[in-house]
Amino acid sequence: MDWLTMDLIVARFNYWVYIVLMMIGLYAMIAKNNYMKKLIGMAIFQTAIMLFYVSIGTKKGASIPILDHHGGEHGAGSAHIAGEAALKVGEAAAAFPEAAAAAGTTNPLPHVLMLTAIVVGVATLGVAMAVVQKINDQYGSIEEDEVLKRIKL
Amino acid sequence: MKKVGLLTVLLTGALLMVGVFDFPAWGDPYSPANRYLSTHYVNQAEKETAVPNLVTAVLADYRSFDTMLETSVVFIAGLAIFAILRSIEGPLVQARKRTESREKRAEKRDAGGDGQDPDLIVQTTVRLLLPTIQLFAFYVVGHGHHSPGGGFQGGVILAAGLILVAMTFGLKNTLKQFSERRGLAFGSLGVLLFAGTGLLCALMGTQFLDYSVLEAVYPFTDEIMARSHSMLVVEIGVALTVMSMLYLIYANLASHGDMKKGL
């Protein structure tokens, strides 16, 4: 039980948060009748993915991915890991010396990917809202069942 | 539908939770995502590009192809909104618009025209705030190499300033200052600046968007500083596109595509 709480829940809580958020968004997209509410669900889904990516790039005790311009003192991460896990980390550091040198700075790659994804997400959300406006023009409603009824007429 | 949705969501959630067993622990510096490519960025990017903000370095140099196409996506999304909201209307919409305009005319007759003045306090506040917002946005774009910032962020701040003006002074007055035509020109200029920088590199004999050859173009630079300077040029292009496109998306959505009356 101790293993379960420590290894699965505490050490991986970021994944639980992203799963719960993502499922809220997915449920809204499937079950809600209103198109705007479906879009809000899509936005929540997107946010969950962004959270997932950014949390993957974190390193314990590391600083932001902006280096000190004149110092250049990084590396030798201050990750504090105790007990038998420390042995494993020592092995990993020996196997991946480049990763060991980079352990003091957060992984910049997920930040880059999500930075563009946020802005593109806003733009595509705008397109979706334009389509919803057009549907409202054409069918006089943004409720899915109403629109489907009017399409069949 | 609600029960089917709930069942699907619970099933998918359970499958994802099973997948969590195989994920690396939170904050593990040796997780697969932190082992390979990103270590090169962290260890070498400042030596290779003289840019301490690694996010900007990766965004505008190592992954510049990706960023160029993302900028194009923002531009194309703006164009798509124009196409969607101003497409030719079917008979249903035309009939509805006719009745709507008849109703509106009747309303206007009753109310005696719409003389809505924006609030004086809000106007004064925005007048004071806007230069600060825009100055901060320029700082975010121009200083994005050394501090948190860059083209996307600065462009969004600029667009937020423009949208603030449109909400206070009315869309019509704002469009007089920053017209639709100018917005589209700025948007395409941004993409052109990005792609043009890449094309210039290709014309000078290396790969597309390999900035190091541009040292011949900028005065007093070496190969490393040329990459840093090109990043600034590219980020300005991104900021231009993002600013004008987000503003035009707002203007179109708020006025239902006819650019007459906003929120």
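Mentor: Keep in mind that this is a predicted model. A place to begin is Arg227(B), whose charged end sits over the ring of Tyr62(B), 5.6 Å from its centre.

Trainee: How many aromatic pairs does a search of the whole structure find, over all chains?

Mentor: Ring centres must lie within 6.5 Å for a pair to count. With that rule applied to the whole structure, the number over all chains is 12.

Trainee: Is the pair of Tyr15(A) and Phe23(B) stacked or edge-to-face?

Mentor: The two ring centres are 4.5 Å apart, and the planes make an angle of 15 degrees. This pair crosses between chains, with Tyr15(A) in helix 2 (residues 13-31) of chain A and Phe23(B) in the loop between helix 1 (2-20) and helix 2 (32-35) of chain B. Because planes under 30 degrees apart count as stacked, the pair of Tyr15(A) and Phe23(B) is stacked.

Trainee: Does Tyr15(A) count as buried or exposed?

Mentor: The cut-off for buried is under 20% relative accessible area. Phe23(B), with 23%, is partly exposed. Tyr15(A) has 2% relative accessibility, and therefore counts as buried.

Trainee: Which helix of chain A gives the most to the side that touches chain B?

Mentor: The contact takes 64 residues from chain A and 66 residues from chain B, and the two chains bury about 6,100 Å² between them, 72% of it on carbon and sulfur atoms. Between chain A and chain B the count of salt bridges is zero, while 14 residue pairs are in polar contact across the interface. On the side of chain A, the helix that gives the most, with 21 residues, is helix 6.

Technical notes. Residues numbered from 1 in each chain as written. Chains lettered and ligands numbered in written order. Predicted model: local features only at pLDDT ≥ 70, side-chain atom pairs only at ≥ 80, totals over all residues. Heavy atoms only, no water. Phe/Tyr/Trp six-rings, centres within 6.5 Å; stacked < 30°, edge-to-face > 60°. Helix = DSSP H or I, 4+ residues; strand = E, 2+ residues; numbered from the N terminus. Buried < 20%, exposed > 50% of the residue type's maximum accessible area, 1.4 Å probe, protein only. Lys NZ or Arg CZ within 6 Å of the ring centre and 35° of its normal. Contact = heavy atoms within 4.5 Å. Buried area = accessible area lost by both parts, 1.4 Å probe. Salt bridge = Lys/Arg side-chain N within 4 Å of Asp/Glu carboxyl O. Polar contact = N/O pair within 3.5 Å; in protein donor to acceptor, adjacent residues only side chain to side chain.
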